[in-house]
Amino acid sequence: MSLEDVLRPVVVIGGSVLLTLVLVWLADRALCRIDAAHPETPLWGLLRRCRIPLQVALCTALLRGSYDATSVKLIDDHAVGIGRTLTLVLIAATAWLVVRAAAAIVESSYSRYAAGARDAARVRRVRTQVTLIQRVVTAVVIVVAAASMLLTFPAMRAVGTSMLASAGLVGIVAGIAAQSTLGNLFAGLQIAFGDMVRIGDTVVVDGEWGTVEEITLTFLTVRTWDERRITMPVSYFTGKPFENWSRGGAQMTGTVLLHLDHSAPVEKMRQRLLEILQECPEWDGRTWSLVVTDTTPSTIVVRALATARDADTLWTVRCVVRERLLEWLREEHAYALPRLTTAPAQIDLPPARRGLSKDADPAHG
């Protein structure tokens, strides 16, 4: 074996690897400079995440085009298998690169929009849409890459040609078997572009209050107030009613109900409620009120009303109002708190019968 036979594969393989590293390093440096020159957009910095798939794709492409030049007997004997393997790796790396680049573009577009937008509801809507668009693009790229990899095998081409004749029957069977999955898929697209529910919305589903944390093409995750995660099919939100507290604005009105004695000082309670709200930073100042909404033989129902900018702060306002009103009543007007009367009843007899009460009692006869 001559020295040329030894050096040729080293030069081909080593040169491909070295050229890949140099080109990717130059591209990375260029992205760094562009990112520093344009800080208003994060696109160029996000594109640096594509370094690894770019290296794999570029190196594989160089090897795929030059491995025949190695003149190594082992490579020549298995040229078909090596070429097909490199082709499969190249397709997979290219798909990886496209997914990374698409994610960088989508994330950059959303960041720029969110930085300049003032409507929080619209920002959540755009975030939901771009998230689902990114997932659709990823799914399409993966399917195309998998199909391309299968088509590199001649046997698969023949199988694919023979299956075209029965494609109608297979489509009907697959549609029946996957109708639930397809229903969730179209429901996910309907949610994304119909603006029914968005990431970050506060919702009440099956009596559970929480925030929409993730929306995919098939399921939706709600994070409850106690940090539990409820995962539901997206078709639920297109087929059943649910409460969306963030739709049409996040501002909310809340109530606090107090059961008090009939002697409760309602007018003083109104003044005290206003003082409590003015000292509460979570109250947005829009409106407030305190009225008697119901009465029973032993108590009255007093409703305190207050507003807040969103559901979370409203919860805080309600707790503060309830605690401080009860504390004020306990310290200043304890008689207004509900209580049970256990004293024996006093019976006033007419004057003519007061002297006969003992005579009429058999125990004193």
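Cys50, by contrast, is buried at 7%. I then searched the whole structure for disulfides, taken as pairs of cysteine sulfur atoms within 2.5 Å, and the search returned zero.

*Basis.* I note that the model is predicted, that local features need pLDDT of at least 70 and side-chain atom pairs pLDDT 80 or more, and that totals for chains, interfaces and linings use all residues. Residues are numbered from 1 along each chain as its sequence is written, and side-chain values use heavy atoms, with hydrogens and water left out.

*Overall.* I recorded 13 helices and eight strands; these are DSSP runs (helices H or I, at least four residues; strands E, at least two) numbered from the N terminus. Of the 365 residues, 30% count as buried. The protein exposes about 22,500 Å², of which carbon and sulfur atoms supply 62%; the areas come from the Shrake-Rupley method with a 1.4 Å probe. For contacts (heavy atoms within 4.5 Å) between residues at least 6 apart in sequence, I noted that 65% join residues at least 24 apart.

*Record.* I consulted the unreviewed UniProt entry, which lists residues 6-27, 132-151 and 163-189 under "transmembrane region"; such annotations may be inferred rather than shown by experiment. In the model I found residues 132-151 to be 100% helix and 0% strand, with end C-alpha atoms 29 Å apart.

*Helix α12.* I traced α12 over residues 311-332: its 22 residues reach 31 Å from first C-alpha to last, close to the 32 Å expected at 1.5 Å a residue. The expected span is 1.5 Å times one less than the number of residues. Which residues of α12 are buried? I listed Ala311, Thr313, Leu314, Val317, Val321, Leu325, Trp328 and Leu329. They cover an arc of only 150 degrees around the axis, so they lie on the same side of α12; the arc is taken from the directions from the helix axis to the C-beta atoms. The face turned away from that side carries the exposed residues Trp315, Glu323 and Glu331. Among the elements covering the buried residues I noted α11 (266-278), β7 (283-295) and β8 (300-308).

*Glu227.* I located Glu227 in the loop between β3 (219-224) and β4 (229-233). Its phi is near 70 degrees, a positive value in a residue other than glycine. Most residues other than glycine have a negative phi. Glu227 is exposed, with a relative accessible area of 60%.

Conventions
Buried means under 20% relative accessible area, exposed over 50%, partly exposed in between (1.4 Å probe, protein chains only).
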